Amino acid sequence: MSVLRAFLLYVLLIICSVVVLFPIIYAFLISFMDGAEVLQGHIWPQKFTMANYIAAFQKVPLLQYLFNSFIVSLLVMLGQLIVSSLAAFAFVFLRFKGRDVLFFLCIATMLIPWEATMIPNFLTVQKLGWLNSYLGLTVPFFALAFGIFLLRQHFKTIPLELFEAAQVSGVGRFRFFWNIVLPLSRTSLITLGVYSFLTTWNMYLWPLLVTNNDQVRNVQIGLKQMQSQEISTEWGVVMAAVIVVILPTLLLLFAGQKHLQKGLMQGAIK
Amino acid sequence: MNTSLSMKSSPSVLIRRKRAIWAVLEGMAYLLPSLILFSIFLFYPMLRTLYLSFYATDHQGNPVQFVGIENFVYLLKDANFLQSAKATLLFVCYTVPASVILALCLALMANEKLKGIGLFRTFFSSTMGMSVAASSVIWMFMYNPSIGIINKVLSLFGISDVQWLLDPNIALISVAISTIWMNTGFTFLVLLGGLQNLDSSLYESARIAGVGYWYQLHKVTLPLLSPTLFFVTTVLLIHSFQTFGQIDMLTKGGPVDATNVIVYSIYRDAFINYNFGSASAQAVLLFFAVLVVTVLQFKFAERKVHYQ
């Protein structure tokens with residue numbers, strides 16, 4: 001590659017990076033300004049103050065929101081990993097009548113947009129008494145067709161001879177699943193885990209419907225709350241909260257990205 | 001098998017049948033959690049939505065009176081719904097092509113072998129970690145007519161006082177711009193993955209033949225990438241039909257319903273106006289819209305595979 005071409009490419013890459021990252025950097029800078037400076041429309045803070053971060057934790061129960069989001073995301077992640085891996089195991093290793101029909105049923109779930117089902121789901125959760133509880137926020141999302149497919153794809157790369165040998169030597173099917181299949185599929189399990197955690201942490205519409213108090217509300221609804229209450233006066237505080245909320249997912253994304261890339265490459269080799 | 005031959009056939013058939021039943025039971029045990037959850041939170045509510053769409057309902061969502069297709073007939077004549085359908089389609093047209101083209105440019109650049117390219121890949125994928133709520137707060141501030149950065153910059157060029165989120169002619173475009181930004185990370189990652197999986201031997205031959213960059217892009221890269229492009233377009237299409245968070249935070253469907261996209265309209269009808277029948281009818285229409293897109297995707301994807 002010629003030097004000129006490489007140079008031009010770097011210039012383009014840097015310009016694009018600045019444009020893509022600008023909103024995040026902008027929010028980051030605003031979060032260190034005091035109110036007067038924000039209203040003057042500065043971009044760079046004259047002096048960096050942590051007051052907004054302290055205020056964000058004192059004025060709203062941000063810590064409680066973070067805790068709720070963390071618990072809910074963790075529960076959904078575990079639930080999806082367990083439920084999906086069990087189903088994927090049955091679809092790959094067990095042979096029984098009606099399996100293909102059930103598999104078709106799982107495919108069919110991908111055709112249903114979740115928003116089209118939210119009205120009866122809300123009524124169901126209400127009847128179960130799960131409004132304003134972790135149960136209502138997590139259990140409806142435990143089964144995930146995408147998760148079943150992802151894991152099924154990986155399980156299929158495990159040689160069937162291994163399964164047969166285990167059967168012959170008297171290893172139970174569940175033990176085979178637990179001790180051999182799951183450890184061999186670590187990459188896919190981590191990929192699915194990262195995906196689950198990210199999507200649940202960022203969930204907006206469902207928590208808006210099923211929660212109305214601070215005890216269970218997640219960070220996203222917390223942000224909505226802050227934005228509608230403190231508009232125009234305390235943008236610095238709101239931006240501090242934004243930074244706190246996006247930090248965990250950005251870190252998870254950056255940490256999980258290499259893993260994702262590696263998983264992709266392994267898939268290509270097989 | 002010898003033993004079963006020497007025996008009378010009925011016990012062995014019995015054993016085989018017993019085994020088959022046992023196998024079904026065991027398989028079901030592994031599938032039961034998924035099946036139960038899908039039934040309660042996906043199949044039942046979808047059928048229930050279909051059912052409710054044929055009824056007038058009370059404020060608790062109980063069906064009161066069968067009205068046939070009246071909910072649908074009413075919707076198709078209702079100016080509010082038609083506006084909502086129009087806003088949704090416009091929103092799809094604004095966001096999907098722009099998201100794909102932008103992310104494709106980024107992915108093509110980030111696929112070059114350069115020192116430190118990993119850093120740029122991380123930058124470009126970063127919006128995938130941003131939640132809709134956090135992104136909306138930031139964009140709301142940037143769109144602020146008096147202190148937001150966008151109007152500050154525009155005022156340098158003599159353009160002043162654009163009401164990004166309050167002008168009915170601009171609001172939908174403003175929400176679309178912020179959505180394109182939010183889509184960038186995911187679309188970029190998928191397309192970069194697609195580019196990295198392309199067969200490098202074809203590039204070797206192209207290099208030996210000495211073809212130019214643009215020719216190679218046009219004749220080799222894009223045709224080979226088309227399945228991935230198609231996949232990501234479908235996902236974005238379905239995704240943009242389901243847009244809600246940024247509407248709720250930035251415009252609340254306003255001004256004068258200019259940004260009242262379908263899911264927001266469903267939400268408002270069901271959970272603010274308690275009109276579950278009409279909301280269900282809209283949900284059914286949403287279901288069919290997504291169904292059509294998905295079926296088309298399968299049809300086209302199949303053809304692509306045959307032609308390769």
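A:F163 lies in helix α9 (residues 160-168) of chain A; helices are DSSP runs of H or I with at least four residues, numbered from the N terminus. The model is predicted, with local features needing pLDDT of at least 70, side-chain atom pairs counting only at pLDDT 80 or more, and totals for chains, interfaces and linings using all residues. Residues are numbered from 1 along each chain as its sequence is written, and chains are lettered from A in the order in which they are written.

**Exercise 1.** Determine whether A:F163 is buried, partly exposed or exposed, and state its contacts.

*Solution.* A residue is buried if 20 or more other C-beta atoms, placed from the backbone, lie within 10 Å of its own, exposed if 12 or fewer, and partly exposed in between. A:F163 has 19 C-beta neighbours inside 10 Å and therefore counts as partly exposed. Leaving aside neighbours within four places in sequence, A:F163 is in contact (C-beta atoms within 7 Å) with A:F93 and A:F176.

**Exercise 2.** Describe how α4(B) and α10(B) cross.

*Solution.* The axes of helix α4 (residues 79-110) and helix α10 (residues 213-241), both of chain B, come within 9 Å and cross at roughly 145°. Axes are lines fitted to C-alpha atoms over the stretch in contact, and angles run from 0 to 180 degrees between N-to-C directions.

**Exercise 3.** State how many residues each chain gives to the contact of chains A and B.

*Solution.* Chain A gives 67 residues and chain B gives 69 residues. Helix α14 (residues 235-269) of chain A gives the most to the side of chain A that touches chain B, with 13 residues.

Definitions and conventions. Contact = placed C-beta atoms within 7 Å. Helix = DSSP H or I, 4+ residues; strand = E, 2+ residues; numbered from the N terminus.
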